[in-house]
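The sequence and the model come first, and the comments follow.

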Amino acid sequence: MWTKFDYQKAASLNEAFKLLAKNSGQAAVFAGGSDILVSMRGEGSKPKVLVDIKAIPGLDKISYKKRVLSIGANVTLSTLLKARPAVKAFEIFQEAGKVFGSPQIRNRATVGGNICRASPSSDLAPCLLVLDAKVIAASKGKKRKIAMAKFFTGPGETALNKNELAVAVEVPAPPGKTGTSFVKLRRTNFDLALVNVAAAIRLKNRKVDFVRIALGGVAPTPMRALKAEKLLKGKLPSKKLLREAALLAASETEPISDVRASAEYREHVSRVLVERALENASGKIGGASWK
């Protein structure tokens with residue numbers, strides 16, 4: 001049920017900071033509204049003030065300079081999906097975007113909103129984790145960078161301070177000839193992920209030289225499978241190694257049981273999807289045989 005709230009539209013970052021400070025503890029940021037409005041209508045948060053940041057200049061831009069992809073917080077999933085990747089490994093965002101909700105949701109949902117919601121099942125988070133992205137957090141008079149690996153602190157919780165806004169995400173181009181992949185299991189086409197997995201891999205002298213594996217929906221926050229990555233590093237690809245790494249990655253998860261799936265099922269699916277993501281990623285660069 002709706003409760004009464006005020007709506008304030010910010011024309012600049014400074015105005016947004018003033019509005020948030022004025023309504024400290026009672027305000028929520030509004031961009032696409034695909035999550036906050038649903039939450040307010042249901043049993044979720046009930047802020048007394050919505051601060052609309054959609055009109056702030058520059059937050060809806062995508063740029064690529066000095067091998068760093070910068071994605072503004074107000075960039076919608078539809079825009080990200082249509083963007084031509086500057087680097088082949090950035091195609092992982094298109095893979096995630098294609099299975100992100102419905103077209104209507106993609107037209108409204110923003111990159112900043114998706115990561116700041118800090119859902120354990122976020123589709124963008126695993127992609128950003130495997131590419132070592134950083135969140136650009138701004139407050140009055142200053143900015144700082146937060147490594148994606150440290151950004152999520154709990155379900156619905158981030159490392160942002162109360163006076164900060166996430167204004168962009170910076171994604172460094174991965175090492176050359178890096179293959180990436182995103183895979184997702186969901187109950188319906190428009191459902192949240194039961195489990196999702198992103199992977200990035202590069203070979204050198206036929207051995208695994210660079211590897212990242214990230215999972216969503218299987219822990220309190222989106223997570224990296226660090227033990228599985230360590231197992232793969234420096235090894236010759238083989239089917240046995242792939243299975244060992246996938247099993248190890250699944251063992252690193254902390255899934256829960258809910259109305260959508262059991263913990264046991266999520267752990268099993270984690271193993272399957274890690275194998276699939278690594279095979280897909282390595283298949284894009286050639287030279288990797290997991291036989």
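1. In this predicted model, helix H10 (residues 239-251) and helix H11 (residues 263-283) pack with their axes 8 Å apart and at an angle of about 135°. The crossing in which H10 passes H11 is right-handed.

2. Which residues make this contact between the two helices? On the side of H10 they are Lys239, Leu242, Arg243, Ala246, Leu247, Ala249, Ala250 and Ser251, while H11 contributes Glu267, Ser270, Arg271, Val274, Glu275, Leu278 and Glu279. Sorted by class, the contact of H10 with H11 comprises seven nonpolar, six charged and two polar residues.

3. Turning to the sheet, the reader will find five strands that form an open arrangement in the order S4-S5-S10-S6-S7, with antiparallel pairing. Strand S4 (62-65) and strand S7 (142-147) are the edge strands, each of them pairing on one side only. From one strand to the next, the twist averages 25°.

4. Strand S10 (residues 165-172) deserves a separate point. Strand S5 (residues 68-72) runs antiparallel to S10 and is joined to it by five bridges; within this pairing, valine 68 has proline 172 of S10 as its bridge partner, and glycine 72 stands opposite alanine 168 in S10. S6 also pairs with S10 in the antiparallel sense, over five bridges, and here lysine 134 stands opposite glutamate 170 of S10.

5. Is S10 enclosed or open to the outside? Six of its eight residues are buried, so S10 is largely enclosed by the rest of the structure; the cut-off behind the word buried is a relative accessible area under 20%. Helix H1 (residues 13-22) lies across S10 and strand S6 (134-139), and runs at about 130° to S10.

6. A last point concerns proline 155, which is found in the loop between strand S8 (152-154) and strand S9 (157-158). Because exposed means over 50%, proline 155 counts as exposed at its relative accessibility of 52%. Leaving aside residues up to four places away in sequence, proline 155 touches Ala118, Pro120, Pro220 and Thr221. As for one of these, proline 220 is 65 residues from proline 155 in sequence, yet the C-alpha to C-alpha separation of the two in space is 5.5 Å.

Technical notes:
Residues numbered from 1 in each chain as written. Predicted model: local features only at pLDDT ≥ 70, side-chain atom pairs only at ≥ 80, totals over all residues. Heavy atoms only, no water. Pairing = 2+ DSSP bridges. Helix = DSSP H or I, 4+ residues; strand = E, 2+ residues; numbered from the N terminus. Axes fitted to C-alpha atoms, helices over the stretch in contact; angles between N-to-C directions. Contact = heavy atoms within 4.5 Å. Buried < 20%, exposed > 50% of the residue type's maximum accessible area, 1.4 Å probe, protein only. Left-handed = near helix turned anticlockwise from the far one by under 90°. Nonpolar A, V, L, I, M, F, W, Y, C, P; charged D, E, K, R; others polar.
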